[in-house]
Amino acid sequence: MCLIAFGILLGVCCLQWTANLPFWAAWGWAVACASATVILLCRHPRAARLLRGWGPCLAVAFVLGYAWAAWRADGRMADALDPALEGRDLLLTGVIASLPDDRGNGIRFVFEIEHMEAAKNFDAPNRTSVPRRVLLSWYAGRGSPGEEAPPMPVVRPGERWQLPVRLRLPHGAAVPGVFDYEAWLLERGLRATGYVRGNGVLISAEANGWMNRVHRLREHIRQKFETALPDAPYRGILVALVIGEQSAISTEQWEILRRTGVLHLIAISGMHITLVAFAVGGLCVSIWRRVPWLMRRSPARLPGAVAGMMAAGAYALLAGLGVPVQRALVMLAVAALCMTARRETSARNVLSLALLGVLLADPMAPLAAGFWLSFGAVAVILLTLNGRIKPVQNWQSAVKVQLAITLAMVPVLVALFQGFSLASPIGNAIAIPIVNLAITPLVLLAAIFPADWLLDLAHTLTAWMMTALQWLSGFSLALYEHPLPPPWLLPVATAAVLLLILPRGTPGRLAALAILSGFFLWQPERPRPGDFRAAVLDVGQGLAVHVQTAHHDLLYDSGPFFGDTSDAGERIVAPYLRALGVGRLDAALISHDDTDHAGGLKSVQRRVRIDEIFAGGEISEPGTSPPRGTWNAREAQLAPVRGTPCVAGLRWRWDGVDFTVLAPAELSGKRRSNAESCVLRVSAAGGTSLLLTGDLGEAGEMELVRQHGAELKSTAVVAGHHGSRTSSSMAFVEATYPEVVIFSSGYRNRYGHPHPHILARWARTAARPYRTDTGGTVQLKAEDGHMTADTWREKHQRYWHGR
């Protein structure tokens, strides 16, 4: 059973790594061959003796897993948005199929489409042109000057609405080490995203369907908690423990939980499901044994198993049926069946059946981090406790298991999150008893019974726990961060840590320790002296460029400010730098004050040490008071941060690479406009160069041409102002005459960047164009007098990207 489950897992994972789905005939033949092999194995003794080894069995399981995943993936990809409808005004009728997520300036929810109508003057195809489930955002409207903005409409799960929307294909940032938003959407069956335009019409308050009733119950519980704890700072944690809805947990609280290694306690997992099942099942058994006529009809273990499974299933539905919850349910079901049938089975077979059940239910499950963390943790527990000559008892067993999980999950955590918590054993020793034995039972009872004092007590305990965890997270060594390892190093390190947790006397443990030491010592390769590498990050409608030499790192602009709660610095730039192992920036150069260039700086400063900031006057950053003359609501939330003036004439050399500021000649005031963008030229020892111009307009470009002339010629140029018609004048294009031109712009941005005329203008120089909106992060390498360029999507293509 274990071999079959492992083979199917390998096949499913292999499919998820492919750039394109195989043609239907290919996996059809694969299934046919695997089926013929199974038939021979079962019916012909000679063939059975030949194929009895583990190799053929693993190969058959691999083929079946690959074919099953390919078939399911093909079906999910077929449920797609017609590209002709992307960005069109559509009128959709459907049902709110999730809890609305409050995003501060709007709400986000899953919408199950039942009917579609196209806008005027456009003949839309039928209903199959849009996917069944989409993720919609509904932003708050803006009032007229001097008037309050209209209130957000109240949207509840299970309601049927008619909404005017615009949809687009799934699209996320394609950046090394950054969360794959497109994979997240695919794993949840969401094949398009969009936003509501204008006012919707509520058709009916309650749509049919048992899952809609579950969502309404989840909303009722959330409202009950909000009413009982209106201003409680840790209310979001209590809500997450009951219904799995985590949007109310603040960024600061997430950081505390991450640094102390107790995030798994907040996400409803198998531990919570098993706790509920054992509590309810044990209570049922205790009551059953005290009633003689019930004992005469059935042994207590049967009703106990049924009651425990029913309670676990109900809790799982409230939690949203994530992968860890599915795993726990299958394992509990197998254990309950064996108990009632008086059959014995090994724990590894139970785990294998759970793995098969999850993969058969959804082959996309390995795309979720919870899949690997959940199954990996349970496998480590079984490996630690089973097969020992002298089992460890009581508290020693719990300590041993926690230390084994901390060690064994290190490679997985580094691969998924580029770091792990060194404070995890202490943090879990504090949090596990409080959460599992006190807080979770209290909030579950409070969700069932009308007793607000239970929530008050649970919140008090949560506050005590968070105070202790906050103190623990304050240590600088609480979190160890490590660069993203290459794919080949991960299985080697995983095998090494598994070997280390085996019983004493197991051969090869010293070799495993040496391998694990090499894993921690591994660092990404850096450029040689005289060479440099640059990455134009896919930050949407903005700009962020990382330049790296042999021993130095520079960040040119920090990406856009997304809203009240996030920016490109937090979501993209800082994770990218962490994946590269960059914990310190020698300099950050902010071209000018617009929020699409300076909006992420403050978040980068929180995550990465910056030795020096080059800017002009004051840099706009998220804060309190608005600077004078702001032009939109986002800039009105910004406050100034000072930097060293960035003016023409600044130059320095790092590791044989020259950095020269070409403009502006002087600064006119506190806030720098596009015309005062700081222009930086990076020149390698071999003669290749990169020119960064920010949002410099045509007038500034003409001044550069006048002052520098032929000296402006560069190997690569990042087109000014994201490819706007206000930049990239013909004189500037001819003066630079690059081999590579890069356009940093957002996918389907409202400005139409890069403009077709600008694309045509650069094409006259025969420069190879690269776009972050279609290709993702553009990576440049200046080595030995040559420059190469490629895109992240091109090198790491997956079958769901751009579809």
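Predicted model: local features only at pLDDT ≥ 70, side-chain atom pairs only at ≥ 80, totals over all residues.

Q: How many helices and strands does the protein chain have, and what makes a run count as one?
A: The protein chain has 29 helices and 28 strands.

Q: What share of the protein chain is buried?
A: Of the 803 residues, 50% are buried. Buried means under 20% relative accessible area, exposed over 50%, and partly exposed in between (1.4 Å probe, protein chains only).

Q: Why is D531 called buried?
A: D531 has a relative accessibility of 7%, and the limit for buried is under 20%; therefore D531 counts as buried. The residue lies in the loop between α21 (509–521) and β10 (532–536). Leaving aside residues up to four places away in sequence, D531 touches Q548, T549, V657, A684, A782, E783 and D784, where contact means heavy atoms within 4.5 Å.

Q: How do you know that the buried residues of helix α25 lie on the same side?
A: In α25 (residues 698–708), the buried residues are G700, E701 and L704. They cover an arc of only 100 degrees around the axis, which puts them on the same side of α25; the arc is that of the directions from the helix axis to the C-beta atoms. On the other side, A699 and R706 are exposed. The buried residues pack against β21 (657–663), β22 (679–683) and α26 (730–736).

Q: What makes the buried residues of α8 line one face of the helix?
A: Helix α8 (residues 251–260) has Q253, I256, L257, R259 and T260 buried. Seen down the axis, these fall within an arc of 165 degrees, so they line one face. Their cover includes α7 (235–243), α18 and α19. Just after α8, G261 takes a positive phi of about 75 degrees.

Q: What makes a set of residues a nonpolar core, and which members of the largest one touch the most others?
A: A nonpolar core is a set of buried Ala, Val, Leu, Ile, Met, Phe, Trp, Tyr and Cys residues joined through side-chain atoms within 4.5 Å. In the largest, of 48 residues, F225, I273, I439, V443 and M466 touch the most other members. Helix α19 (residues 452–473) gives the most to this core, with eight residues. Apart from it lies another core of 33 residues, among them A684, I742, M787 and A789.

Q: How do the lining residues of the second largest pocket divide into nonpolar, polar and charged?
A: The lining has 16 nonpolar residues, one polar and no charged. Ala, Val, Leu, Ile, Met, Phe, Trp, Tyr, Cys and Pro count as nonpolar, Asp, Glu, Lys and Arg as charged, and the others, Gly among them, as polar. The largest share of this lining, six residues, comes from α18.

Terms used. Residues numbered from 1 in each chain as written. Heavy atoms only, no water. Helix = DSSP H or I, 4+ residues; strand = E, 2+ residues; numbered from the N terminus.
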